[in-house]
Amino acid sequence: MTLQQFMNEAISPWMREDGPDSDIVLSSRIRLARNFAQVSFPIIAEEADLNRIHQFFEQEYTHASFQDYKDFEFIPIEDLSPIEKRVLVEKHLISPHLAEKSKYAASLISKNEQVSVMINEEDHIRMQLYFPGFQLNKALEKAFEFDDWLEEKVDYAFDESRGYLTSCPTNVGTGMRASVMMHLPALTMTQQINRMIPAINQLGLVVRGIYGEGSDAVGNIFQISNQITLGKSESDIVEDLESVVRQLIDHERKARQRLMDQSSTRMEDHIYRSYGILKYSRIIESKEAAKCLSNVRLGIDLGFIDDIKRNILNELMVLTQPGFLQQYAKKSLTSNERDILRASLIRERIQLEK
């Protein structure tokens, strides 16, 4: 896999597969933060230390493979254009924070894009593994295996009483963030999500938008993750998160059924209006596109729409983002130009599906 392929393909290969409860849970992710022992953490490290870590990963892991994760590509962040950085953020392969860094920051990405390792971000190493649908335990199992593989060559900063040591105190302990990406349109329509979020926060979990901290829940997509990493084992954290996610899945399904029971015709009309906008608009802003894509995905799940596949909605959610639009156009675009191209790409992609 080359950088250009990462740039050109809107949907990662692993995203083409359905997983458990994939009508509501888009993906499950495990992220582990690690640091080198005896090396200052990135927030205070000297350039020589950061360069040493950068070179270590480039030399040891470029085109390496581990189990199903083949041919890792080493990508220095300073070699990327602003548009290329934005595309990798939009595909969740790097964080917005890593994209803002340049010298000695890098990413290591597997061919199927299921695993990415952010190098010299807030910590020396932030590895993340994705699985389609609701598969937190499988993601955790594979994350442990991948972590062990890295540890064969890396001496981690670890304390017997505190666990893994990290730049931010909130990550000390397991160094783990477990998260799921959920599509919750019915809970949003019925405004139940507004009272659920504070209750979820009280359980030591956090609800964010599609791109994590500081982002909005566009397209009715929410990221649910743990806040606490110290004092609990990785399996306990995943178990707590799983319990809440299962409740959200149940509430979302019940909310969808209530909306159908109250007026299936009104729901059908709401969904097909969005479908019409996507099929015929000549100009569409990103938020409106995300809202319409969310409604059409709901229409597919409810059985109203059967001539397009759910996965193309996942693809369009990424393809219509500002970075990808400009990558597709091979140039910087104004806001108006992006809105025109976005509408054109959506029309073409829906037509190709038929």
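A salt bridge here is a side-chain nitrogen of Lys or Arg within 4 Å of a carboxyl oxygen of Asp or Glu. With that in hand, let's walk through this predicted model.

Start by selecting R126 and D123: their side chains meet in a salt bridge, 3.1 Å from N to O. Both R126 and D123 are buried. Across the whole structure, a search finds 22 salt bridges.

Next, select R34 and D147, another salt-bridged pair, whose closest N and O atoms are 3.0 Å apart. This pair ties together distant parts of the chain, with R34 in strand β1 (residues 25-34) and D147 in helix α5, 113 residues apart. R34 counts as buried because its relative accessibility is 1%, and D147 is buried too, with a relative accessible area of 3%.

E152 sits in the loop between α5 (136-151) and β6 (158-159), and is exposed, with a relative accessible area of 64%.

Now go to R310 and D301, whose side chains meet in a salt bridge (3.0 Å, N to O). D301 is partly exposed, at 22% relative accessibility.

From there, select helix α10 (residues 310-319): eight of its ten residues are buried, so the helix is largely enclosed by the rest of the structure. Among the buried ones are I312, N314, E315 and M317.

Finish at H183 in strand β8 (residues 176-183). H183 is buried, at 1% relative accessibility, and its side chain makes a polar contact with the side chain of S294 (2.7 Å).

Methods
Residues are numbered from 1 along each chain as its sequence is written. This is a predicted model: local features need pLDDT of at least 70, side-chain atom pairs count only at pLDDT 80 or more; totals for chains, interfaces and linings use all residues. Side-chain values use heavy atoms; hydrogens and water are left out. Buried means under 20% relative accessible area, exposed over 50%, partly exposed in between (1.4 Å probe, protein chains only). Helices (H or I, at least four residues) and strands (E, at least two) are DSSP runs, numbered from the N terminus. A polar contact is a pair of N or O atoms within 3.5 Å; within protein, one must be able to donate a hydrogen and the other to accept it, and residues adjacent in sequence count only if both atoms are side-chain atoms.
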